Amino acid sequence: MRRIAIFITAAFVALALAGCGANQTTQTGGITVRDPWVRAAMMNVAGDQSGAMGNMGQSTPMAGMSDHGHGSESSAVSAAYMVLVNNGAADAIVKAESDVAKSVELHNVIMENNVMQMRQVEAIEVPANGQVELKPGSFHVMLIGLNRDLKEGDEVTITLTTRSGKTIEVKAPVRKP
Amino acid sequence: MIQRWLISIIVMITALALSGCGAYEFRGTVLEPPNPAPELPLTDQFGNAFQLSNYRGKVVLLFFGFTHCPDICPTALGDLKRVMEKLGNDAANVQVVFVSVDPERDTPDLMQRYLAAFNPTFLGLNGDRSVLEQAYKNYGVTVIRRDLPNSGLGYTIDHSGYIYAIDQAGNWRLLWAHGTPVDDIVSDVQALLRNPPGM
Ligand SMILES: [Cu+2]
């Protein structure tokens, strides 16, 4: 009887340990990224060789409305989307970096009564063995103040940092808006 | 006996078919009664004065947004781009108009680049704050500036996501909620084009 109890305890301990081990190993494979993409965006008109606008580059008539800004400079922005798949314990993306923009932030969009509200978030939580889709109208990696044009076919490198301290390098192709 | 029964069925089916032909059911929200769409005395991204009244005879599709909204606004404009593509030749009778909810940052230059990425015929309007605010009010558009203190954006604008349709006579006829399928919008626009109002 006692032997059985010991055996059962041992089995539980072993299971618990195995559980730990399993967590550890999947942790290294924790969050992975699927189907990343970045929305195409233009930095400067002169660089736009899309042809559709033809001579638009030369003339930028601003008719006295060029300077609405009070130090809030206009800058091109874009967003990156992807699916975060988590094979391990609950984790989160807490930071995103890229050389493509001056600021790279984690954002979400909330829709309330058909009013769109975009907000910066501290983290994008990814549940254990679950996934989160970054998509238009929802979570996204916001690229603010683009350093260059994002043209279809280009590739943008984004580095994500997880709460567990891992970094994930994402190569996201640029797609048409 | 059977003949009479058959005839009554045929009559019924014919009546049903005819009523189906006559009344197209819009997929967007119909504004009843249709009222004249409030004027938008603003300036487009090329510096030209804009007047809705210059677009009589065309269907105008109106959307309120801003260029620093790279998420939802491009989705709506992308949908409108596809609407224009699907309309084919009919697209010549449709004008897409984007009204800024962020006059400070939506400079003509930025609007040009932003809209050209979708369709070079799209017009982006900006202007005096008071005129814009009147337009938001007239069209029932919610526009709330929100500071984002820790963001490189500085601030964002919460805004309504409807697309509005103004018919060939300048009447405000329909609105579509954000995320309405492109095919539904195409179908409604085609219906407006098929049955122009008395002008
Ligand atoms: Cu954002």
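Author: Let's start with the second largest cavity: its lining has 7 nonpolar, 3 polar and 1 charged residues. Keep in mind that this is a predicted model. The volume of this second largest cavity is about 70 Å³. Who sits around it? From chain A you get Val109(A), Met116(A), Gln117(A) and Met118(A). Chain B brings Phe66(B), Cys69(B), Asp71(B), Ile72(B), Thr156(B), Ile157(B) and His159(B). So much for the names; now the elements. At least two lining residues each come from β5 (115-120) of chain A and β8 (154-160) of chain B.

Let's zoom out for a moment. Searching the whole structure turns up 3 cavities of 30 Å³ or more. The largest cavity holds about 200 Å³ of space. Its lining counts 17 residues, and the ones closest to the centre are Ala40(A), Ala41(A), Met42(A), Val77(A) and Tyr114(B). Two elements give two or more residues to that lining: β2 (77-86) of chain A and α3 (108-116) of chain B. Between them, α3(B) is the top contributor to the largest cavity's lining, with 3 residues.

And what kinds of residues are they? The lining of the largest cavity splits into 12 nonpolar, 3 polar and 2 charged residues.

Notes. Residues numbered from 1 in each chain as written. Chains lettered and ligands numbered in written order. Predicted model: local features only at pLDDT ≥ 70, side-chain atom pairs only at ≥ 80, totals over all residues. Heavy atoms only, no water. 1 Å grid on protein atoms, 1.4 Å probe; cavity = no way out; pocket = protein on both sides within 12 Å on 5 of 7 lines; lining within 4 Å. Points joined across faces, edges and corners; volume = space filled by probe spheres on them. Helix = DSSP H or I, 4+ residues; strand = E, 2+ residues; numbered from the N terminus. Nonpolar A, V, L, I, M, F, W, Y, C, P; charged D, E, K, R; others polar.
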